Every structure is written in structure tokens, then in C-alpha cells.
Amino acid sequence: MEAEGADGASGGAEAALSCFSFNQDCTSLAIGTKAGYKLFSLSSVEQLDHVHGSNDTPDVYIVERLFSSSLVVVVSHTKPRQMNVYHFKKGTEICNYSYSGNILAIRLNRQRLLVCLEESIYIHNIKDMKLLKTILDIPANPTGLCALSINHSNSYVAYPGSLTTGEIVLYDGHSLKPVCTIAAHEGTLAAIAFNSSGSRLASASEKGTVIRVFSVPDGQKLYEFRRGMKSRPEEPSTWTGYMGKMFLAASSYLPTQVSDMMNQDRAFATGRLGFSGHRNICTLATIQKLPRLLVVSSSGHLYVYNLDPQDGGDCVLIKTHRLLRGRRGAPRGGHSRTRVCNGTGLSGRRERVPSYHFMPWRSAGQSHPVLTGSRTAPVRRFWSKRGRWTKGRRLSEQRGRGTEAPGCGSQPAGAGATGARPACTHVLPSKGCPSCSVHRNEPYPSTTRTLMNKGILLNMYAVYKMYL
């Protein structure tokens with residue numbers, strides 16, 4: 001992932017989320033806020049389903065869900081040394097445990113529950129929550145960095161073995177025995193993660209330029225990836241291609257540091273963020289039978305990218321979900337921004353525009369127009385007053401010539417005693433016309449009147465586009 005300098009959609013809601021995490025198979029998203037926590041399902045790209053939410057535990061900073069089950073583990077800043085395990089569908093607390101220090105991280109699989117403190121790790125049997133093992137006197141781990149394989153047949157645990165170097169300790173959470181120590185990086189560790197089967201372990205240092213992959217359980221280095229390098233194209237049968245192959249063949253005779261640099265694989269795909277300065281997590285998931293790149297930001301947004309499994313390249317952002325409520329208090333998760341119209345051609349009350357012929361109309365003393373009409377019937381004018389529910393309801397109907405309708409035209413200064421209103425035939429409102437000047441702030445009055453006098457069926461879409 002690469003972050004760009006623009007603030008984008010996330011710039012206005014900094015640190016809206018206190019914590020966020022995907023479940024073990026990336027089918028669910030859990031977020032924690034000052035008010036409580038929420039769970040979402042990731043089964044669709046277009047819609048983000050809200051599974052559960054709770055405000056019983058405020059100021060949540062750790063929330064973890066076990067796969068797609070009803071078991072969820074929560075830790076709050078109000079009690080940072082206590083872990084609470086809930087069955088959210090039943091609305092009951094299964095158990096709670098207190099520890100000697102603040103809880104920094106929690107990891108789950110179907111057999112084990114891992115609780116990480118700064119200088120110790122506790123391993124529980126998740127079936128009965130019995131404490132099986134306490135790993136004491138580990139190097140200081142202030143960030144709670146640790147990983148647990150989701151494959152419950154081995155339940156491998158990985159955690160830093162040094163505070164100053166990138167050493168990884170591999171522990172078997174099933175047999176409760178240490179396995180090996182891996183010298184992964186020269187600098188301090190920043191991230192570690194297992195693959196789904198627990199046969200591979202990936203790591204990165206705080207420098208973040210190189211990602212290394214090791215085999216499990218023997219700890220042998222298998223791959224090394226350098227961040228930011230582009231995909232390697234097929235070498236053509238030219239002089240340049242032959243020179244590249246020659247350098248790769250000669251790398252085996254060079255010093256180890258140089259040969260490792262030449263043999264590093266390059267990036268297959270790249271995802272770009274339109275903002276910076278936020279804490280993010282990302283994962284690869286299969287949604288609707290296609291691979292997707294998912295990114296969650298602390299600003300309260302979920303970004304969904306398309307990932308081309310054949311050619312890679314730049315990942316395309318296809319959806320942005322808001323995980324928190326909007327300004328007016330309506331849930332915003334899972335709904336895209338749709339083009340709406342309030343009948344005036346201006347921004348305002350959000351109404352879905354129907355796909356049939358309709359006519360906007362506004363008369364004197366009326367607060368807003370109603371869009372209505374028919375595919376086959378002549379155009380008729382309908383209106384409503386503020387505060388009345390108008391969807392699918394005809395409140396008033398006006399027929400006849402446009403100059404006879406209320407609000408169409410006006411009596412200019414110096415008009416005769418008859419009070420006749422001058423007929424106006426301007427297609428667009430004109431400042432020099434006394435009839436148009438009265439309706440200068442109303443939506444396309446002259447156009448509406450002219451079209452109706454001719455008895456023409458009006459396609460609202462054309463008029464709406466004309467006055468945008």
C-alpha cells in the first residue's frame with residue numbers, strides 16, 4: 001500500500017475509531033469506538049451489513065470476533081487489565097479474566113485464545129477458557145506484537161525475541177513447547193503474520209523496505225520482497241534481456257548482501273491511498289468470488305479495491321464505506337452516494353429521482369415543488385406545502401394555461417385596473433421581463449409554462465440536465 005499526500009475522504013474525521021480488526025478468515029470486520037463496538041459482515045462489495053452493535057462497554061480499544069461465530073472478546077480503557085468474552089446473539093457474558101498488566105493484544109482460533117501483555121503471554125483453551133500456559137520473561141513488547149496461526153491443528157504462536165533486533169520466537173500453542181528462533185531482520189520488528197495454513201510466516205521491520213517469508217516450523221527463509229518495486233515484465237529476446245539473465249546468473253558469485261538485493265522479487269500489485277496521516281490495516285479477501293484488497297482507516301472508512309489476479313498492477317478503488325453514522329445521525333455503512341434531486345435542480349432534501357416523465361412546478365405561496373407525471377397522460381402540475389408527506393400522493397392539481405396558474409407571471413407596476421398579467425413566452429428567465437423577474441429565484445418557471453402551453457410531454461431528465 002502507498003499513501004498519497006492528499007487528504008481525501010478521510011481528512012475530516014481523524015481517529016474516529018479506537019480499534020479495528022478483521023476476523024480470522026476476513027469475512028467480518030470489528031470496530032471499537034468511545035461508545036462501544038460494532039460488527040460488520042464482508043459478504044458483499046456494494047453493501048456493508050451491520051451484524052451487531054453494543055454500547056454496554058464504553059471506550060473499547062480491543063475487539064476480536066471468532067470467525068463468524070457469536071463469540072466476541074472485548075477490552076475497554078475503563079478496565080484495561082480485564083478481558084470480557086461475550087455471546088452477542090444471546091446477549092450474555094461467557095466469562096471475564098483479569099491480568100497483572102494492561103492487555104495489549106488478543107488473538108483467537110478455534111482451539112486457543114492468546115492474551116498478550118508487555119512482558120508475558122497467556123494461552124487459554126477456548127472451549128472452557130482454562131489457562132494452559134503462561135510465557136513469562138519475554139523481551140519488552142510495548143506494542144503487543146504477536147501472531148497466532150488460525151490453523152488449530154498446530155496453533156503456532158510468534159512474538160518478538162528481542163527489543164532491538166528483528167528476532168522472532170516461534171512457539172507451538174498446541175503442544176505448548178518452543179519451536180525455534182528466527183533471525184528475521186536487523187532492525188526492530190514491526191509486523192508478523194501467518195498464512196491460513198500456518199506453514200508460512202511473513203515479517204517486516206520498522207524500516208519497512210523488505211518483507212521476508214519463512215517456512216514453519218523450521219524457520220528457513222523462502223522469499224524476500226522489496227516494497228515499491230514494479231512488476232517484472234517478460235524479458236524479451238534482445239540484448240537487454242540477455243544482459244539481465246547474465247547478471248542474475250552472476251549474482252551467485254557475489255557477496256550475500258549483493259546477491260540478495262539482485263534476487264529480490266518485485267511487487268505484483270499496488271494499492272494507493274488518497275490520504276495520509278491515519279492508522280490503517282489491510283487484508284486480502286475473496287468477496288463475491290473475486291479477490292479484493294480491503295483497507296480500514298482510523299478515520300472510520302472501509303476501502304474496497306479490485307485486484308487483478310492475472311496481471312496485477314494498480315488496484316482500482318471500487319467502493320468506500322462509512323463505518324460510523326453521518327452528521328444527521330443516519331447509519332451510513334454500506335450505502336453508496338446516489339445522485340438525488342429535490343425538484344429544484346439544487347442540492348437539498350435527498351429524494352430518489354424516478355425513471356418516468358415528470359414535471360417540476362412551483363406556485364405562489366408553496367414551499368417546494370413535487371416531481372410527478374405519467375408516461376402517457378398529459379403533463380399535470382402538482383404541488384405541496386412544507387411539512388406534508390408527498391411521496392406518491394397528489395395534494396393539488398392545476399390545469400389550464402400557464403398565465404392563469406397561481407404564481408405564473410405577475411402584475412407589473414402601472415398595470416391596468418383589470419389586473420391582467422402579461423403573457424411570457426421566454427424559454428429562459430429574462431431580467432428585462434416583469435413576469436420573469438418575479439420568478440427569478442424559482443425553478444425554471446418560464447420554461448415550464450411555455451412547455452405546458454404547447455401541451456408537450458416533458459422529460460424531466462432533459463430539463464434537469466439543462467439547468468445543472
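I began with strand β21 (residues 221–226), which supplies three residues, the largest share, to the nonpolar patch; strands here are DSSP runs (E) of at least two residues, numbered from the N terminus. The model is predicted, with local features needing pLDDT of at least 70 and side-chain atom pairs 80 or more, while totals for chains, interfaces and linings use all residues. Residues are numbered from 1 along each chain as its sequence is written, and side-chain values use heavy atoms, without hydrogens and water.

I next looked up the aromatic pairs and found three in the whole structure, a pair having ring centres within 6.5 Å, with planes under 30 degrees apart called stacked, over 60 edge-to-face and the rest tilted. The rings of Tyr223 and Phe225 are stacked, because their centres lie 6.1 Å apart and their planes meet at 25°. I noted Tyr223 as partly exposed at 40% relative accessibility and Phe225 likewise as partly exposed at 30%, where buried means under 20%, exposed over 50% and partly exposed in between (1.4 Å probe, protein chains only).

I recorded Phe275 as buried, with a relative accessible area of 3%, and Tyr303 as buried at 4%.

Conventions: Helix = DSSP H or I, 4+ residues; strand = E, 2+ residues; numbered from the N terminus. Phe/Tyr/Trp six-rings, centres within 6.5 Å; stacked < 30°, edge-to-face > 60°.
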